[in-house]
Amino acid sequence: MTEQLLQRDVEMATELVGAARDVLNVMFFTDILEEGDECACPKPFPLQVRVSFSGDQAGEFRMAVDEVAAGSLAGSFLGTDPVTGPTAEETDQVMGELGNMICGAFLSRFEKEGLFALSSPEVVRPEQGELPGVHRGLELMDGFMDLRVYWEPQPQ
Amino acid sequence: MGLIVVGISECRCSADKEASIVTYALGSCIGVGAFDPGSGVAGLLHFLLPDSRQDPARAEAQPASYADTGIPLLIRAMERMGADRRRIRVRLAGGAQILTDNAQLAVGKRNYLAARKLLWQMGVMVEMEAVGGTVSRNLGITVGTGEFWVQMRGTGGNDAGGSHPNETPIRRVPVAGAR
Amino acid sequence: MQSLRILIVDDSPAMRAYVRRTVQLASLPVKNVFEAGNGLEALEVVAKENREPNKLDLIFADLNMPVMNGEEFVTKLREDERDAKVPILIISTDATQKRVMRLRELGAQGYISKPCQPEMIRLKVQQILGEE
């Protein structure tokens, strides 16, 4: 049982990073340089996005980023002038959407047959609280990102 | 009929209906082909690296070496010849992984991401692309018709097969996920 | 192509901006872009803006939205005969097979899963509006 759970966690981590890479490549024009269990960056992160999901499987997704990543990602997505950059409000909105996309893409990859409802992304400054479950720390071309997924245990 | 050859780190534009513009041996480099059907202006850029901050002196001397200086150079040069940015349609080719050492591996992809980012920022739409894989490509435009073509050398490319030997029309951008 | 009147339904202002920018860059002859943050707001826009002779040509809709989600919106919209013919293009991260099947049955014309490149959005719009 424990071994199965470990195997599942490894698969989840793979799909989580795969989903993030896909979203970051296609709509944010950036890539993941390194991934690991821990993120080589100052904590807590200044910005965190939370998305909870329910349906065939319930759980929660969290994405945290540093300011460098947040500003760079938001500017890329919106096509903003690199000199002026996005506003703080735009940055939060884009980070919410980024969290939503990574979570949705992850669920579609990991549970291809599933049917889920996702909550609206909640943007929290700074990062708060611990979330158990699968965790990956990512170094991006600009800045750092931290991804976590908690999978609620299924009733036996 | 004039053939305008664009070398590495070069950018050329033309509105001569008799001319073709071509660039050869795109490995990890990206060829950015552009055409404005309204004015008949075509342009082609062959850039080498994604980011001019690596070497500002070189970027000053050869702005077409980098995505972030070369793409604005291409679009503005076309605009000076009468093109309208909103009508310009872009095709990308290259961005392959040719060499095997790890440092080189990422260059093709980084070039591709940089090109997409710059074009989105400048408000120019990419129409089609033939990128990635391990092939070397040539990219050309017939100015009079606005037709693009790609030739491949090597294997592992993702370009669609064409009707002429060694010649492939640029594939449509993949519609992965579209249903 | 005639001058288009389109509606973008998404609770994310960032995603509405992305779709709006794509539509502008794609040189589609867009006359009006209306926006709504959820299905209920979208129904209000439809009630006001989808009237002869000024019909809506296309609706972009997200699925996961508060108040009224995309599925409920499509269902409600298809109940009204006057609005049943407006093409709907779903853009969502939720690409599970069950979801796509369900949306197709409900009467959505197209489905794009995020992440998506702008040219994919343009291609789908052209297909739906019969320009291909």
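**Exercise 1. Contacts and burial in chain B**

Determine what share of the contacts in chain B with a separation of 6 or more is made by residues 24 or more positions apart, and state what share of chain B counts as buried.

*Solution.* Step 1. The structure is a predicted model.

Step 1. Chain B has 179 residues, and 47% of them count as buried. A residue is placed in this class if 20 or more other C-beta atoms lie within 10 Å of its own.

Step 2. The elements are listed next. Chain B contains three helices and nine strands. Their order from the N terminus is β-β-β-β-β-α-α-β-α-β-β-β.

**Exercise 2. The five-stranded sheet of chain B**

Give the strand order of the open five-stranded sheet in chain B, and explain why one side of each edge strand is left without a neighbour.

*Solution.* Step 1. The order is β2-β5-β4-β6-β7 of chain B, and the pairing is mixed.

Step 1. The edges are held by β2 (10–14) and β7 (125–131) of chain B. Each of these strands has a single partner strand, so one side of each has no neighbour in the sheet.

Step 2. On average, neighbouring strands of this sheet are turned by 15° against each other, direction ignored.

Step 3. The pairs can now be examined in turn. β4(B) and β5(B), the latter covering residues 41–47, run antiparallel and are joined by seven bridges. Within this pair, Ile30(B) stands opposite Phe47(B). The hairpin of β4(B) and β5(B) has four residues between the strands, and Gly40(B) takes a positive phi near 75° there.

Step 4. On its way to β6(B), residues 89–94, β4(B) forms six bridges, again in the antiparallel sense. Val32(B) has Leu92(B) as its bridge partner in β6(B). By contrast, β6(B) and β7(B) run parallel, joined by six bridges. Arg91(B) is paired with Met128(B) in β7(B).

Step 5. Helix α2 of chain B, residues 67–80, packs on the sheet and touches β2, β4 and β5 of chain B. The direction of this helix makes about 165° with that of β5(B).

**Exercise 3. The overall form of chain A**

Compare the radius of gyration of chain A with the value for a compact globule of 156 residues, and describe α3(A).

*Solution.* Step 1. A compact globule of 156 residues would have a radius of gyration near 15 Å; chain A has 15 Å, so the two agree.

Step 1. Along the principal axes, the C-alpha atoms of chain A fill a box of roughly 55 × 30 × 30 Å. Buried residues account for 44% of the chain.

Step 2. Chain A has three helices and seven strands, following the pattern α-β-β-β-α-α-β-β-β-β.

Step 3. Helix α3(A) has 23 residues and reaches 33 Å from its first C-alpha to its last, close to the 33 Å expected at 1.5 Å a residue. Of these residues, 18 are buried, and the helix is mostly covered.

**Exercise 4. The contacts of chain C**

How many residues of chain A are in contact with chain C, and which element of chain A supplies the largest share?

*Solution.* Step 1. The contact joins 24 residues of chain A to 22 residues of chain C.

Step 1. On the side of chain A, the largest share comes from α3(A), with nine residues. By class, this side has twelve nonpolar, eight polar and four charged residues.

Step 2. Chain C also touches chain B, through eleven residues of chain B and 15 residues of chain C. The side of chain B has five nonpolar, two polar and four charged residues.

Methods:
Residues are numbered from 1 along each chain as its sequence is written. Chains are lettered from A and ligands numbered from 1 in the order in which they are written. This is a predicted model: local features need pLDDT of at least 70, side-chain atom pairs count only at pLDDT 80 or more; totals for chains, interfaces and linings use all residues. Two residues are in contact if their C-beta atoms, placed from the backbone, lie within 7 Å. Ala, Val, Leu, Ile, Met, Phe, Trp, Tyr, Cys and Pro count as nonpolar, Asp, Glu, Lys and Arg as charged, and the others, Gly among them, as polar. Helices (H or I, at least four residues) and strands (E, at least two) are DSSP runs, numbered from the N terminus. The radius of gyration is taken over C-alpha atoms; the globule rule is 2.2 Å times the number of residues to the power 0.38. A residue is buried if 20 or more other C-beta atoms lie within 10 Å of its own, exposed if 12 or fewer, and partly exposed in between; C-beta atoms are placed from the backbone. The expected span of a helix is 1.5 Å times one less than its number of residues. Two strands pair if DSSP finds at least two bridges between them. Axes are lines fitted to C-alpha atoms, for helices over the stretch in contact, and angles run from 0 to 180 degrees between N-to-C directions.
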